[in-house]
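Morning, everyone. Please have a look at the model on the screen, and then I'll take you through some of its contacts.

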Amino acid sequence: SRRYTVDLIAGDGIGQEVVPAATRVVDALARRHGFDMTWRDRNWGSAYFFEHGRMMPVDGIEQLSDGDAILLGAVGHPDLPDHETLWGLLIPIRREFLQYVNLRPVRVLPGVVSPLRDVEALDIVVVRENVEGEYSAVGGRAYRGTTDEFAIQEAVFTRTGITRVARYAAQLAATRRGSLTSATKSNGIIHSMPFWDEVVASVVSEVEGVRLRSTLIDALAAALVLRPGDFDVIVASNLFGDILSDLIAALAGSIGIAPSANINPPRHHPSMFEPIHGSAPDIAGKGIANPVGQLWSASLMLDHLGEAEAATALMTAIETAMSDGVLTADLGGTAGTQEFTSAVLRALSSGN
Ligand code: NAD
Ligand code: MN
């Protein structure tokens, strides 16, 4: 039968709560849909750091490289600087496996009361550039400790990097509603963005059936709040894509629902699936984290592995649980992580 080896990095905080929810549900799907999951549990993250002085073993990347996919929870610990946790685990995986697309879909799931009116039409995929741009390792430095302290961060945009992410986004838009928005900030001061605009426009012009508009990031943030139904696929640089996807997820009710796929078409390496949220230290250990972002990430993973039916069944089960009114606290409900997960498992076994 079909077998998949998936590395599990639950990581920190609520990652330890929502990742087990996802493996429970995926194991149930595997039984129903006739495939086998082998989970390789990795105890990497901040706890590993406190013991070994690093977030993962020296050969961590190598250990992941023969797997079919990586399912990650979150990293981030109140007693560790974020640059340590992010650059010690998450960012090396994205870069070493050249996961240049960070795909971030958001929809308004049933039963959710968004803070907005007119939100029913919200159905957006953010395609975030994931290996370069503003989150570059080049030239970043800080001169501290004198009265003339300063810090510099260089953004790196390459023609290759912009081309591949823009092509992916345009091809995705062509399979949806044909509308692609490019997040930009083209003015005479930022030098990288006119280059981004030029490369995006030329790549998109080669893809049939896609309308491109370039919108300034600040105006785009406002338009997303006022008219979320106007947007389909949004292609954005690393920083802009990071910010926009949290904004859009919040419009859809909570950042706890939103998933992401870090992928490298055409799949030379394992791809990584993770919710967009972090380790949420403010609610960690309370059993109240919303597992939907992690479960939806697992659905993206199943789709990527070729288990489209199981992926769809999972989304339908999430929607059934939510329209039955089973909601976690971030969405105004009273269900805990386990209770929500059990509702999803019940919906799975009662049909779809
Ligand atoms: P966060 O996403 O962890 O939390 C922001 C807010 O949203 C918090 O109030 C939290 O309780 C809430 N929230 C997040 N996920 C939720 C869920 N599933 N259910 C219910 N509520 C949820 O962001 P933060 O507080 O800015 O960062 C905390 C730590 O996580 C930091 O160390 C940060 O660096 C890290 N972080 C990691 C990732 C990642 O692993 N990819 C992403 C973002 C932040
Ligand atoms: Mn983020």
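First, the classes: Ala, Val, Leu, Ile, Met, Phe, Trp, Tyr, Cys and Pro count as nonpolar, Asp, Glu, Lys and Arg as charged, and the others, Gly among them, as polar. This is a predicted model, where local features need pLDDT of at least 70, side-chain atom pairs count only at pLDDT 80 or more, and totals for chains, interfaces and linings use all residues. Residues are numbered from 1 along each chain as its sequence is written, and chains are lettered from A and ligands numbered from 1 in the order in which they are written.

Start with the ligand. Around ligand 1 there are 20 residues, each with its C-beta atom, placed from the backbone, within 6 Å of it. The closest are G76, G256, H277, G278 and N290. The shell has nine nonpolar, seven polar and four charged residues.

Now the helices (DSSP runs of H or I, at least four residues, numbered from the N terminus). Helix α7, residues 217-226, packs with helix α8, residues 238-251, at about 15 degrees, axes 10 Å apart. Axes are lines fitted to C-alpha atoms over the stretch in contact, and angles run from 0 to 180 degrees between N-to-C directions. That makes α7 roughly parallel to α8, a term for angles under 35 degrees.

Who meets whom? I217, A221, L224 and V225 in α7 meet F240, L247, I248 and L251 in α8. Contact here means C-beta atoms, placed from the backbone, within 7 Å. By class, that contact has eight nonpolar, no polar and no charged residues.

Last pair. The axes of α1, residues 15-33, and α11, residues 337-349, come within 10 Å and cross at roughly 10 degrees. So α1 is roughly parallel to α11. Their contact divides into eight nonpolar, two polar and three charged residues.

Methods:
Helix = DSSP H or I, 4+ residues; strand = E, 2+ residues; numbered from the N terminus. Parallel < 35°, antiparallel > 145°, perpendicular 65-115°, else oblique. Contact = placed C-beta atoms within 7 Å.
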